[in-house]
Amino acid sequence: MFGILNLNKPVGYTSRDAVNRIQRLIRPVKVGHAGTLDPLAHGVLVLCLGPATRLIEKVQQMPKTYRGTFRLGCHSTTDDTEGELVPLPGAIRPTHAAILAALEKFIGQIQQRPPAYSAIKIGGKRAYHLARQGQLISLPPRPVTIHSIAIDYYEYPELVLDIVCGSGTYIRSLGRDLAEAVGTAAVMTGLIRTAIGPYAIDQALDPQNVTHGQLTKCLQSPLTTLGDMPRVQLTDSQIADVQHGRFILHDTAEDFESTKGLESAKKRVSSHKEPRLKSTTEIAALDSENHLVALLVPKPGNRWGPSRNFPLPG
């Protein structure tokens, strides 16, 4: 098996539970998830199966869409309802307009302080382990990206936000900081991850009830992790070279599918001069039946070499 599985993780089910469930169905095929989802939360959990585990970072880089529900006027040590809720004395009732105005400060790249009860490691130990032992944890802020944030519903004390963000964002921290920005406090009472990139919740399988047959039928191509990455179809001899780690020459612009921002790169490749591409530029190499066989990166002299190889079909 070589592909992507879109699951709808239920509340109370850990990401590891989901991985273990699928692992039992397809053992000894390797399974890995592309980003944990707290037991309190439910929604999209993307699993990479077989050689697709080498594409986990591609999924992790995709924008994530959440619907977070918050209770204003109280706080907890965990920033959600897993900790004891403590009312904020004299808590104000922020207006819809005040919250809307404050949201503007949280768009783009921001500095966010992760919650003390998080999986971030401190001295080799998870922060939540140290916090449960009674240690006072204060994690330093770190940059995260918020693509968009909107109010879906607000009737004090309940606030529901729709959020699209980058990897590493803590939604409960976002609710906490937004509440502080309008003069109050908040805890997260519910969280749904509705999408990761193209993987949407309405197409996700229930990991508790999925069968081997459903899994096989719903397994998505590993190409879905690559977005608009340009693609090239290789000959059998080129595939053999790539699979053995050798560089190949590509000097035909038409070999590359049209992709935004790549026209100048195509011209450079076809001009028999060294392509001036960024070292991070990658191209998906396919066989004659459009199976992913490698990811290629530019090398000196109009050549391309494999950054990752994948098993040939069959």
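**Close-up views of a predicted model**

**View 1. The whole chain, as a predicted model.** The chain contains eight helices and 18 strands, where helices (H or I, at least four residues) and strands (E, at least two) are DSSP runs, numbered from the N terminus. Of its 314 residues, 47% count as buried, meaning under 20% relative accessible area with a 1.4 Å probe, protein chains only. Residues are numbered from 1 along each chain as its sequence is written, and side-chain values use heavy atoms, with hydrogens and water left out. Because the model is predicted, local features need pLDDT of at least 70 and side-chain atom pairs count only at pLDDT 80 or more, whereas totals for chains, interfaces and linings use all residues.

View 2. After α5 comes Gly183, which has a positive phi, near 85 degrees.

**View 3. The largest nonpolar core.** This core, a set of buried Ala, Val, Leu, Ile, Met, Phe, Trp, Tyr and Cys residues joined through side-chain atoms within 4.5 Å, has 28 residues, and Ile99, Leu159 and Leu178 are among those with the most contacts inside it. Its largest share, five residues, comes from β10.

**View 4. The surroundings of Ile171.** Leaving aside residues up to four places away in sequence, Ile171 touches Tyr66, Phe70, Ile163, Cys165, Met188 and Leu191, a contact being heavy atoms within 4.5 Å.

Methods. Buried < 20%, exposed > 50% of the residue type's maximum accessible area, 1.4 Å probe, protein only.
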